[in-house]
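This report goes through a structure shown below. Please keep the sequence and the coordinates in view while reading.

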Amino acid sequence: MLRRHNYDLIPSSEITSESLYHERRAFMKLGASAALLGTSPLMAALGFEKSKSALELTSYDQITTYNNFYEYGTDKESPAKLAKNLKVRPWTLTVGGEVQKSLTLDIDTLIKKIPLEERIYRFRCVEGWAMVVPWVGFSLASLLKQAGLTSKSKYVEFETLFDPLQFPQQSKSFGNIPFPYREGLRIDEAMNPLTILAVGLYGKELLPQNGAPIRLVVPWKYGFKSIKSIVKITLSNHQTRSTWNQIAPNEYGFYANVNPSVDHPRWSQARERVLGKFFKQDTLAFNGYGNQVAHLYKNMDLRKFY
């Protein structure tokens, strides 16, 4: 069963008309119905219900052909061209470290076990471009609760599959990136209801270039925090590794919250360009999700902890 939650906080000027929105929903419903003819667990679980969300979605083609995935190359087109042969079944996800019970989960078993939801989120890259993506997934908290937190569960580290045969750039050490790619969150960020593990978008299973079969989505942070093709989640009592922060700490902070007041050395963060739009728009603090997450950083100097 697919549930829907609404976390869009976009100005009315960016809101799609209700009639156009429901036309799009109807179209998506037809697409989902066709997909139900397949046998994948995700497709079998899909069911589109009436939604009040009004964000204007970025097209499926744009979301699946404009990607950063350095395991395949540095340009935006390479992932879609080179990722087609990624083997996403069988796929195992482990959860360990400072937890009550370590887990080793087959991806299909996991999808069957936890109800899926659609979350329509804004997605903001530190490079200055943005999308609106209808993810399908489940809250990260729901998975971590299965493993059980302890008093030492203070940070969470995520790790991408390391397989140079499937990820050609992992063996070339482009830019001295220390593969496998790793990202981290503080435990309160990980347990926030907005943080999800996505297994699909637009009602379809994730394509490899989008992080199949399972990826992190943290909508108030820059996109590089939303690590793709995860195989390992480790909880720790100390701040965990973050690949870009390790490579260039003066450019990429551990927190990486969307902040129009703190520029990246090479990119202003004051404005952003949504894919498919000509004009730029103002960047929103916490990518527009401040009401849900600003309290996590109360009394923190966000210029220092960027």
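## The largest pocket

Strand S5 contributes the most to the lining of the largest pocket, with four residues. The model is a predicted one. The pocket holds about 470 Å³ of space. Its lining counts 29 residues, and the closest to the centre are Asn-68, Phe-69, Gly-223, Phe-224 and Lys-228. By class, the lining divides into 17 nonpolar, seven polar and five charged residues.

Two of the central residues also meet each other. Lys-228 lies over the face of Phe-69, 5.1 Å from the ring centre.

## Aromatic pairs

The structure holds 17 aromatic pairs. One of them joins Tyr-66 and Trp-129: the ring centres are 5.0 Å apart and the planes stand at 85 degrees, so the pair is edge-to-face. The two partners are 63 residues apart in the chain. Tyr-66 sits in the loop between helix H3 (60–65) and helix H4 (78–82), while Trp-129 belongs to strand S5 (residues 129–139). Tyr-66 is partly exposed, at 23% relative accessibility. Trp-129 is buried, at 6%.

Phe-224 and Tyr-252 make another pair. Their ring centres lie 5.3 Å apart with planes at 85 degrees, so this pair is also edge-to-face. Phe-224 is in the loop between strand S10 (215–217) and strand S11 (230–236), and Tyr-252 is in the loop between helix H8 (243–247) and strand S12 (271–274), so the contact ties together parts 28 residues apart in sequence. Phe-224 and Tyr-252 are both buried. Phe-224 is also among the residues closest to the centre of the largest pocket.

## The aromatic cluster

One cluster gathers six aromatic residues: Tyr-155, Phe-254, Tyr-255, Phe-286, Tyr-297 and Phe-305. A charge meets this group at Phe-254. The charged end of Lys-225 sits over the Phe-254 ring, 4.4 Å from its centre.

How many residues of S6 are buried? Six of its six are. In a regular strand, side chains alternate between the two faces of the sheet.

S6 pairs with two strands. Five bridges join S6 to strand S7 (residues 182–186), and the two run antiparallel. Here Phe-158 has Glu-183 as its bridge partner. S6 also pairs with S11, again antiparallel, over six bridges. On that side, Thr-160 stands opposite Ile-230.

## Backbone features

Two cis peptide bonds involve prolines. The bond from Phe-179 to Pro-180 is cis, with omega near 5 degrees. Pro-180 is placed in the loop between S6 and S7. The bond joining Ala-212 and Pro-213 is cis as well, with omega about 0 degrees. Pro-213 is placed in the loop between strand S9 (204–205) and S10.

Positive phi values occur at Phe-286, near 55 degrees, and at Asn-287, about 60 degrees. Phe-286 is buried at 11% relative accessibility, and Asn-287 is buried at 1%.

Conventions:
Residues are numbered from 1 along each chain as its sequence is written. This is a predicted model: local features need pLDDT of at least 70, side-chain atom pairs count only at pLDDT 80 or more; totals for chains, interfaces and linings use all residues. Side-chain values use heavy atoms; hydrogens and water are left out. Rings of Phe, Tyr and Trp (its six-membered ring) pair if their centres lie within 6.5 Å; planes under 30 degrees apart count as stacked, over 60 as edge-to-face and the rest as tilted. Buried means under 20% relative accessible area, exposed over 50%, partly exposed in between (1.4 Å probe, protein chains only). A charge sits over a ring if NZ of Lys or CZ of Arg is within 6 Å of the ring centre and within 35 degrees of the ring normal. Two strands pair if DSSP finds at least two bridges between them. On a 1 Å grid over the protein atoms alone, a cavity is a set of points where a 1.4 Å probe fits but cannot get out, and a pocket is an open set with protein on both sides within 12 Å along at least five of seven lines; lining residues have an atom within 4 Å of a point. Grid points are joined across faces, edges and corners, and a volume is the space filled by probe spheres set on the points. Ala, Val, Leu, Ile, Met, Phe, Trp, Tyr, Cys and Pro count as nonpolar, Asp, Glu, Lys and Arg as charged, and the others, Gly among them, as polar.
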